[in-house]
Amino acid sequence: MMQMRTHTCGELRLANAGQRVKIVGWMENVRVVGQNFAFVVLRDFYGTTQVVVENQEMMDIINGLNKESTISVEGTVRERASKNPKQATGDMEVVPEKIEVLGRCRYNSLPFEINRSREADETQRLKYRYLDLRNPAVKSNIILRCQVVSALRAAMTQHGFLEITTPILTASSPEGARDYLVPARKHPGKFYALPQAPQQFKQLLMTAGFDRYFQIAPCFRDEDARGDRSPGEFYQLDMEMAFATQEDVFAVLEDVLPPIFAKFGTYNVASSAPFRRIAYRDAMETYGSDKPDLRIDLTCKNVTSLFAESEFEALRGQTVKMVPVSDCKLTRKQIDKLLGDCEVQSGSKAYWFKMDENGQLAGGIAKFVTGIQEQLTQALDLKPNTLVLVAAGAAATKSVGVLIKTFGVACEGHMDKERYEFCWIVDFPMYEIGDESGQLEFCHNPFSMPSGGLEVLLKAERGEIDPLTITADQYDLVCNGVELSSGAVRNHDPEIMVKAFELVRLGEEDVKKKFPAMYNAFCYGAPPHAGIAPGVDRMIMLLAGESSIREIIPFPMNKNAQDIMMGAPSTVEQKQLDELHIAIVGDVEED
């Protein structure tokens, strides 16, 4: 044991009664019950211990301290007269003979009560994060994070992967999000970029002859926050395999992840290998989402053909999709409230009707569909006491995804919450029409191998097939409706790479300019390779059962990408700007 203490505050038991001990920690609470008698709760990283002050000398020291001061207590362990079965150290207490102040709390009041910090305003929690982390409930998430990262490292090493760190200062690369730029002092007018991901470096490692690479990689993207995404910085289990196929990647993660989720998760049940494979287009058609929560048993049916001549204008001639929800006991008021919530999320109005206990259609838009009851019953396999949710129009697919998630949670019996359900989403489109450009663009990762290789790209170039029908050897790993990662079999052939970029109006010179190292390396003979990068933060968020990713990050930024504890981002001195040849132009808003 360290010289500063003989035991931790979570270690002492009744068997230690009679021993002289020394413990240290934060003074969590003081309850004075007499002139020279008080109960003090001492807390450290490991737990709490009750200290009983029974003389005036010790009381004088305690009375002069604010809560959260750090102290050292030397004394004797004895059995408690009134035991606390809810506390690990609840059978004993320490009677002090010496109390030493190690670090005085100089504030009479705290910004929040430590053990109830999660109830405090988030801004206060982030500003005083070092106090927030003293809360055992908050600290437990960070401990979980350490344990999971350690388990991931061990598992990857056991699978023959080498942990290799890649550069943090690198070149800007068009990878989908905004870069964080770092001015290069020795090269005026030029900038480094913090890596959005180690994508190119890990592919170059495969080209360099390494067979299996991984790292717990920091990634930097200047993007807005969401519940499952932290702005600025995040971490991923980055991995790549040479001479590998999609199935090789799947086999590794299907072996690595389920034991970790079963061991560390809030729920102790996780999918076993092989995870379910769902084609992207099937996922969108069936679940209205490319990240379906398979704990929910609701699915969608396309009934567009039944509404070509509908008397209900909102459905007539539109794409119409329906979600039957059997044995639904929600009231009309509850249904309308949930549909309103769905409309806010999807931006599209949804409708409903029910088949009642007598097999008749009622409620909502029932009067507009009664005439095709027989066809609907057959198409939806309707049974009595079934609620039918209806989405229509261009946004029908997105609306269905929101409806399934919302009503799957709200309707009893349609969601098995206490488990981790994994699936692979495969066969993503290689290309899409850009919302802003109106032209053909890469749908996801430009480094993915098109299914069919060079031949399918040449057919698209000749106009023999629609490029929008080309799929990529690309895949997403989804757990409980959360996208954990994207991965792909990489496009390692320079000829195929150039042709893939030519379809989006970028020629060979553009490829050489944007990706010089990778293009040149591939020209020296590259192995087929594939990889993936599950998000560590999202993974731990799921394991901890948290809805916000900030709860599992030691020092998170707020929603506006500000570290309000450290005051970042901040202004800098003019001298620093001058050294970097940077001028601030225009008005600067003060935070």
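This is a predicted model: local features need pLDDT of at least 70, side-chain atom pairs count only at pLDDT 80 or more; totals for chains, interfaces and linings use all residues.
Colleague: What makes you call Asn-480 buried or exposed?

Modeller: Its relative accessible area is 9%. Buried means under 20%, so Asn-480 counts as buried.

Colleague: And what about Phe-243, buried or exposed?

Modeller: Phe-243 has a relative accessible area of 64%. The cut-off for exposed is over 50%, so Phe-243 is exposed.

Colleague: Why is strand β9 called mostly covered?

Modeller: Look at residues 212–221: eight of the 10 residues in β9 are buried. Buried means under 20% relative accessible area, so eight residues of β9 fall under that cut-off.

Colleague: How do you know that β6 and β9 pair?

Modeller: There are two bridges between β6 (residues 162–163) and β9, in the parallel sense. Pairing needs at least two bridges, so β6 and β9 qualify. Glu-163 is opposite Phe-214 of β9.

Colleague: How many bridges join β9 to β10, and in what sense do they run?

Modeller: β9 and β10 (residues 232–242) are joined by 10 bridges and run antiparallel. The cut-off is at least two bridges, so β9 and β10 count as paired.

Colleague: What makes β12 and β15 edge strands?

Modeller: Start with the order of the open sheet of five strands: β12-β13-β16-β14-β15, with antiparallel pairing. β12 (301–302) and β15 (361–362) each pair on one side only, and that makes them the edge strands.

Colleague: How do you know that β13 and β16 pair?

Modeller: Seven bridges link β13 (residues 320–326) with β16 (residues 386–392) in the antiparallel sense. At least two bridges are needed, so β13 and β16 are a pair. Val-323 has Leu-389 of β16 as its bridge partner.

Colleague: Which helices pack on that sheet?

Modeller: Helix α8 (residues 332–346) packs on the sheet and touches β14 (351–355) and β16. The direction of α8 makes about 150 degrees with that of β14. Helix α11 (residues 396–410) packs on the sheet as well, touching β13 and β16. For α11, the angle with the direction of β16 is about 150 degrees.

Colleague: What does the protein look like overall?

Modeller: There are 17 helices and 22 strands, and the C-alpha atoms fill a box of roughly 90 × 75 × 55 Å along the principal axes. Of the 591 residues, 49% are buried. Among contacts between residues at least 6 apart in sequence, 66% join residues at least 24 apart.

Note on methods: Residues are numbered from 1 along each chain as its sequence is written. Side-chain values use heavy atoms; hydrogens and water are left out. Buried means under 20% relative accessible area, exposed over 50%, partly exposed in between (1.4 Å probe, protein chains only). Helices (H or I, at least four residues) and strands (E, at least two) are DSSP runs, numbered from the N terminus. Contact means heavy atoms within 4.5 Å. Axes are lines fitted to C-alpha atoms, for helices over the stretch in contact, and angles run from 0 to 180 degrees between N-to-C directions.
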